[in-house]
Each structure stands twice: as C-alpha cells, then as structure tokens.
Amino acid sequence: MKKVEAIIKPFKLEDVKEALVESGISGMTVSDVKGYGRQQGHSELYRGAEYVVDFLAKIKVEVIVNDEDVDSTISVLVEAAKTGKIGDGKIFVTPVEEVVRIRTEQRGSEAV
C-alpha cells in the first residue's frame, strides 16, 4: 500500500474530493497547511503598508491506496487540482507498512 499526499490550492478541494469519490476512493484525510515552494510567498498591501506573506495557505489531502491504484489516483488528483498556474501544488507517494482499523482490528488493505 502507498500513502498519496497532495498539497493543493484551497479552492480546488471540492473538485478533488468529488474526483476521488468518483474514482472509488472511500476515505481521505484533509488538513489546512501553510508553506511555499518556488513562489517564495508574495507581497501584499495592507492599510498602505507592504508586507511579505512567506507561507501560503494550502490544503493537504491524504489517501491510502493499494499499489496498483497509485498511478490512477495520481492522474485523478492532477486532473482535479490543476489550474495551470504557479502554486498548483505537489503530490508525494510513500510506502505504508501497515494499516489497522481500530474498531474491527482489521489489518492491511481490508482496513482501508
């Protein structure tokens, strides 16, 4: 199994959620996060004073999928989250050694 983490723009969350559900993914974890990449933040004016916003608001979506579903999940995420502009985000894939459903004590892909 793999954990697929996507860092996306906040306004794309609903599109990503709908696309993942349509693709058969039944659960996900969503977190509000802040960060920056190549953009290095941006400058804003507030009451006539300019200040730098170093960290931009993003959303992190995490899903656990079977190894054979990783490529299709990435495709779904890219299609749903892409705007074509800087700051669209990143996708990270990491191995998952074990999953345990607390309520039933199911393990592995049954627990997902």
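Which residue is the bridge partner of Glu5 in β5?

**View 1. Strand β1 meets strand β5.** Glu62 is the bridge partner of Glu5 in β5. Here β1 covers residues 2-8 and β5 covers residues 56-65, and the two pair in the antiparallel sense over 7 bridges. Strands pair if DSSP finds at least two bridges between them. Helices (H or I, at least four residues) and strands (E, at least two) are DSSP runs, numbered from the N terminus. This is a predicted model, in which local features need pLDDT of at least 70, side-chain atom pairs count only at pLDDT 80 or more, and totals for chains, interfaces and linings use all residues. Residues are numbered from 1 along each chain as its sequence is written, and side-chain values use heavy atoms, with hydrogens and water left out.

**View 2. Strand β1 also meets strand β6.** With β6 (residues 90-95), β1 pairs in the antiparallel sense over 6 bridges. Look for Val4, which stands opposite Val93 in β6.

**View 3. Lys90 and its surroundings.** Lys90 lies in strand β6. Apart from neighbours within four places in sequence, Lys90 is in contact (heavy atoms within 4.5 Å) with Glu5, Ala6 and Ile7. Gly37 is 53 residues from Lys90 in sequence, yet their C-alpha atoms are 9.5 Å apart in space.

**View 4. Helix α1 packs with helix α2.** The axes of α1 (residues 13-22) and α2 (residues 70-81) are 8 Å apart, at an angle of about 150 degrees. Axes are lines fitted to C-alpha atoms, for helices over the stretch in contact, and angles run from 0 to 180 degrees between N-to-C directions. Asp15, Val16, Ala19 and Leu20 of α1 touch Thr73, Val76, Leu77, Ala80 and Ala81 of α2.
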